[in-house]
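Dear colleague,

My notes on the helix packing follow it.

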Amino acid sequence: MQTDSEILNPGLYRLHRLFFIAFTSFAVIMALIGIRLAFGDGEDAAIGVVGIGLLPFSALHWYAAKGAKNGAKSGKIISRVIGTFWLFGIPIGTILGIYVWYKTADSWKPSESQNNDPA
């Protein structure tokens, strides 16, 4: 595991990792509730589909965290896409979206392989 000094964009890495854990945990809990209801009375068992439907969002945050940690361009792009959608979530989402856009603009630290572009 890398320390904070080895993580190129620690703020974004922590933010996306937190949302990855939250989405994954919520998806597992909802899926387990859906399975329990399916074997019980069978009504409202479709709630487990909600949990499974959140897994793509969890995967996006995982890829964004991985990209932020390594300074990959794909991590920057995914972070900006997520940040753009967050801008519509007033007020907390707007704050998170502005933070993501700020961190991906001037303070983004690219990996060494992207720094060595020939001039």
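Helix 1 and helix 5 are oblique to each other: in this predicted model, their axes lie 10 Å apart and the packing angle is about 140 degrees. The crossing of this pair is left-handed. On the helix 1 side, the contact is made by Gly 11, Leu 12, Leu 15 and Phe 19, which meet Leu 96, Tyr 99, Val 100, Lys 103 and Thr 104 of helix 5. By class, these residues comprise 6 nonpolar, 2 polar and 1 charged.

Helix 1, spanning residues 10–39, also packs against helix 4, which covers residues 73–86; the two axes come within 12 Å and cross at roughly 65 degrees. An angle of 65 to 115 degrees counts as roughly perpendicular, and helix 1 and helix 4 are therefore assigned to that class. Helix 1 passes helix 4 in a left-handed crossing. Here Leu 12, Leu 15, His 16 and Phe 19 from helix 1 meet Ser 79, Ile 82 and Trp 86 from helix 4. This contact contains 5 nonpolar and 2 polar residues, with no charged residues.

I would draw your attention to His 16, a residue of helix 1. His 16 has a relative accessible area of 0% and is therefore buried. Leaving aside residues up to four places away in sequence, His 16 touches His 61, Ala 64, Ala 65, Ser 79 and Ile 82. With one of these, His 61, the side chain of His 16 forms a polar contact of 3.1 Å.

With kind regards

Conventions
Residues are numbered from 1 along each chain as its sequence is written. This is a predicted model: local features need pLDDT of at least 70, side-chain atom pairs count only at pLDDT 80 or more; totals for chains, interfaces and linings use all residues. Side-chain values use heavy atoms; hydrogens and water are left out. Axes are lines fitted to C-alpha atoms, for helices over the stretch in contact, and angles run from 0 to 180 degrees between N-to-C directions. Helices (H or I, at least four residues) and strands (E, at least two) are DSSP runs, numbered from the N terminus. Angles under 35 degrees count as roughly parallel, over 145 as roughly antiparallel, 65 to 115 as roughly perpendicular and the rest as oblique. A crossing is left-handed if the near helix is turned anticlockwise from the far one by less than a right angle, and right-handed if clockwise. Contact means heavy atoms within 4.5 Å. Ala, Val, Leu, Ile, Met, Phe, Trp, Tyr, Cys and Pro count as nonpolar, Asp, Glu, Lys and Arg as charged, and the others, Gly among them, as polar. Buried means under 20% relative accessible area, exposed over 50%, partly exposed in between (1.4 Å probe, protein chains only). A polar contact is a pair of N or O atoms within 3.5 Å; within protein, one must be able to donate a hydrogen and the other to accept it, and residues adjacent in sequence count only if both atoms are side-chain atoms.
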